[in-house]
Amino acid sequence: MDPAEEPPSMLWGLDPTFSAFARLYVRDILQMTESTQVPGIYFYNMHPIYKVDVLGTVVYKREREDFFCYGVDDGTGVINCMCWKNDLLKEREDPSKTAGKHSDGAQGGFNPVTELKKLKEAQQKRCRLEIGELLRVRGPVKTSRQQREIMASTYYKVDDPVMAEQIAWMMEAPQLYRQCYDKPLQLQTSVSGDSAISSLSKAINIIKDFLKQKSVTRFRPYDVQDLLQPLISSQPQTASADQEPVAGSSGCQQLRQLLKEALQVLQDEGVVYRRVKSQDEVYLVTAEDKDLQIAVKDVIREDSKREKYAEKGCHVLHILSAVRQRSSLNVSKAALELVLKSLECNSDIISTMENHYIAF
């Protein structure tokens, strides 16, 4: 993330997600960008995050003297979880001593030593998991040897025979994303009368809101240029007494430059793209481009029937290459991923594994 785009660290505490365990998908945890101000803090959609809450299946494990390392898969990706052993898990009892303890108890009655041992065993079973079992883990996110992982502060096995816990989790997560995580952080602060959020971020949000509210399918730069005019007009003029005010042409140049940068960011994010690059700048809105969606569906439906892709499905890079041949050479990977996400939400395609898709 560009340091200029990061909210100041002194404002992070105003975001509720900063002090909470964020229930993010593993895919998003792995893709979060690390702060340039404070190492160990990550950003998802401008939200500062350093601790997460994950529920998933154990797909691999390693055990050392002091910790377990579990690979947890929540359906979107796999992440390492470092789970430190407590004193109970480190205990190595002598069987002969254990037998003696059992014989000392009152026969046929309540034996505190035996009951305590049962309690310890039950706690150990909750913390010692096998492959295929369900694990819930909470803790801060760390990057070790260029690999993202969770340093567990709390972890335990979840007994879920009828998948009630997983279903409840899967229903709650999308609501959290819609209500919180996918809404960009808007923190306003007064610094010489200006907002802490840059003009570029504001410009991007203004254009996105316009495209969404008006259900725009295509547009030209001059269609949205006037929307950004207030951002230029509100900037303070810093000319001194012996300097002339900024000329109107300079304001127009700033407006055009701001628009150009905002459109470039939207292209990088895949929100918009240009089907044909020519002097007539026409931008297509990816989410509203039905032709692109049909082209992607046709590629996946036709190629997933081939023996090569029948089992795993079509890889996203293969789909991108085929779509560029059919639709436009200017379709970016980011734009394609937005289309794939939309098609998957509509059950038109299925993700068989990471970055692989087949037709439904």
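**Entry 1**

Two strands pair if DSSP finds at least two bridges between them.

I began with an open sheet of three strands, whose order is β10-β12-β11 and whose pairing is antiparallel. I noted β10 (218–219) and β11 (272–273) as the edge strands, each of which pairs on one side only. I then looked up how β10 is held to strand β12 (residues 283–285): two bridges join them, and they run antiparallel. For Phe219, I found Tyr283 as the bridge partner in β12.

**Entry 1: confidence**

I checked pLDDT before going further. The mean for the protein is 83, and 82% of the residues reach 70 or more.

I marked two stretches. Over residues 92–106, pLDDT stays under 50, and the model has ten contacts there beyond four places in sequence. Over residues 237–247, pLDDT also stays under 50, and I list three contacts beyond four places in sequence. Where pLDDT is low, the predicted coordinates should not be read in detail. I took neither stretch further.

**Entry 2: sheet β1-β2-β3**

I moved to another open sheet, in which three strands follow the order β1-β2-β3 with antiparallel pairing. I noted that β1 (33–34) and β3 (47–49) are at the edges with a single partner strand each, so one side of each has no neighbour in the sheet.

Between strand β2 (residues 42–44) and β3, which run antiparallel, I found three bridges. Which residue of β3 is the bridge partner of Tyr44? It is His47.

I then looked at the loop between β2 and β3, where Met46 lies. The phi of Met46 is near 75 degrees, a positive value in a residue other than glycine.

**Entry 3: α10 against α12**

I turned to the helices. Helix α10 (residues 290–303) packs with helix α12 (residues 333–345) at an angle of about 75 degrees, and their axes are 10 Å apart. I call α10 and α12 roughly perpendicular, because angles of 65 to 115 degrees count as such.

On the α10 side of this contact I listed Leu292, Gln293, Val296, Lys297 and Ile300; on the α12 side, Leu336, Val339, Leu340 and Leu343. Sorted by class, this contact of α10 with α12 has seven nonpolar residues, one polar and one charged.

**Entry 4: α10 against α11**

I next took helix α11 (residues 316–326). The axes of α10 and α11 come within 10 Å and cross at roughly 125 degrees. I therefore logged α10 and α11 as oblique to each other. I noted the crossing of α10 past α11 as right-handed.

From α10, the contact takes in Leu292, Ala295, Val296, Asp298, Val299, Ile300, Glu302 and Asp303. From α11, I listed His318, Ile319, Ala322, Val323 and Arg326. By class, I have eight nonpolar residues, one polar and four charged in the contact of α10 with α11.

I compared the lists for α10. Leu292, Val296 and Ile300 meet residues of α12, and Leu292, Val296 and Ile300 also meet residues of α11.

**Entry 5: α11 against α12**

I looked up the remaining pairing of these helices. The axes of α11 and α12 come within 10 Å, crossing at roughly 105 degrees.

What does α11 bring to its contact with α12? I found Val316, Leu317, Ile319, Leu320 and Arg324, which meet Lys333, Leu336 and Leu340 in α12. The contact of α11 with α12 divides into six nonpolar residues, no polar ones and two charged.

I also cross-checked α12: Leu336 and Leu340 are listed in its contact with α10, and Leu336 and Leu340 are listed in its contact with α11.

I followed the chain on from α12. Ser347 lies in the loop between α12 and β14 (349–353). I noted for Ser347 a positive phi of about 65 degrees, although it is not a glycine.

How many bridges pair β14 with strand β15 (residues 356–359)? I found four, in the antiparallel sense. Met353 stands opposite His356 in β15. The hairpin of β14 and β15 has two residues between the strands, and I noted a positive phi near 65 degrees for Asn355 in it.

Conventions:
Residues numbered from 1 in each chain as written. Predicted model: local features only at pLDDT ≥ 70, side-chain atom pairs only at ≥ 80, totals over all residues. Heavy atoms only, no water. Axes fitted to C-alpha atoms, helices over the stretch in contact; angles between N-to-C directions. Parallel < 35°, antiparallel > 145°, perpendicular 65-115°, else oblique. Contact = heavy atoms within 4.5 Å. Nonpolar A, V, L, I, M, F, W, Y, C, P; charged D, E, K, R; others polar. pLDDT = per-residue confidence, 0-100. Left-handed = near helix turned anticlockwise from the far one by under 90°.
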